[in-house]
Amino acid sequence: MTYFADLTPYTYLERHEDEPGLTDEPWPDLPLLNVGWLDAAHPFPTGAPPDGLMPALNDLAKTRAHQTRGYHFCEICIRDMGEDAREAIRLGVIARGSAEFQVQGNGVVYAAPQLLLHYVSAHEYLPPAEFCAAALRAMS
């Protein structure tokens, strides 16, 4: 997976906004921003998530905006496991993802990898406040 800084314009997969019927995005006219595109080489904010964020993310992540081929494994887990990472991948104990989900905010849409749930729960990643507020609002 590619690293993108939080709240930067989304550029990972092409949007099909100019081709009627091809968009799989519920809000194709709003700007799309990155959230949670982490890797092991870049620091990220940490902290306790707001109450209710994990259940909201679990529900939101069930609706995939983009499904890709193959899997991406958590690079942070791989880095932390060192030499044991290859065996952990083989055994299926390292988190992996292959899709994205979206959350509508105030005049924007946030695009996040499904691994964001793992990053929050296992690595204490704290997404931007405006993303958290949008995720909580979407579930109320």
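**Notebook: sheet, cores and ring pairs**

I began with strand E4 (109-113) and found both of its faces covered: Val109, Ala111 and Pro113 lie on one side, Tyr110 and Ala112 on the other, and all are buried. Buried here means under 20% relative accessible area, exposed means over 50%, and partly exposed is in between (1.4 Å probe, protein chains only). Five of the five residues of E4 are buried, so E4 is largely enclosed by the rest of the structure. In general, side chains of a regular strand alternate between the two faces of the sheet.

I note that this is a predicted model, in which local features need pLDDT of at least 70 and side-chain atom pairs count only at pLDDT 80 or more, while totals for chains, interfaces and linings use all residues. Residues are numbered from 1 along each chain as its sequence is written, and side-chain values use heavy atoms, with hydrogens and water left out.

**The sheet**

I looked up the strand order next. Helices (H or I, at least four residues) and strands (E, at least two) are DSSP runs, numbered from the N terminus. Four strands form an open sheet in the order E1-E4-E3-E2, with mixed pairing. Two strands pair if DSSP finds at least two bridges between them. E1 and strand E2 (66-73) stand at the edges with a single partner strand each, so one side of each has no neighbour in the sheet.

I then went through the pairs. E1 and E4 are parallel, over three bridges, and leucine 32 stands opposite valine 109 in E4. E3 and E4 are antiparallel, over five bridges, and glutamine 102 stands opposite alanine 111 in E4. In the hairpin of E3 and E4, four residues lie between the strands, and glycine 107 takes a positive phi near 75 degrees. E2 and E3 run antiparallel, joined by four bridges; histidine 72 stands opposite glycine 97 in E3.

**The cores**

Which residues have the most contacts inside the largest nonpolar core? I found Leu57, Phe101, Leu116 and Phe131, in a core of 29 residues. A nonpolar core is a set of buried Ala, Val, Leu, Ile, Met, Phe, Trp, Tyr and Cys residues joined through side-chain atoms within 4.5 Å. Elements that give two or more residues to this core include helix H1 (53-60), strand E3 (96-104) and helix H5 (129-138). A second, separate core has six residues, among them Phe4, Tyr10, Leu32 and Val109.

I checked the contacts (heavy atoms within 4.5 Å) of leucine 116. Not counting residues up to four places away in sequence, leucine 116 touches Val35, Gly36, Leu57, Phe101, Tyr125 and Phe131.

**The rings**

I searched the whole structure for aromatic pairs and found six. Rings of Phe, Tyr and Trp (its six-membered ring) pair if their centres lie within 6.5 Å; planes under 30 degrees apart count as stacked, over 60 as edge-to-face and the rest as tilted. The rings of tyrosine 12 and tryptophan 37 have centres 5.2 Å apart and planes at 50 degrees, so I logged the pair as tilted. Tyrosine 12 is in the segment before strand E1 (32-34) and tryptophan 37 in the loop between E1 and H1, 25 residues apart. Tyrosine 12 is partly exposed at 32% relative accessibility, whereas tryptophan 37 is buried at 2%.

Phenylalanine 44 and tyrosine 125 have ring centres 6.0 Å apart and planes at 75 degrees, so that pair is edge-to-face. Phenylalanine 44 is partly exposed at 22% relative accessibility; tyrosine 125 is buried at 0%.
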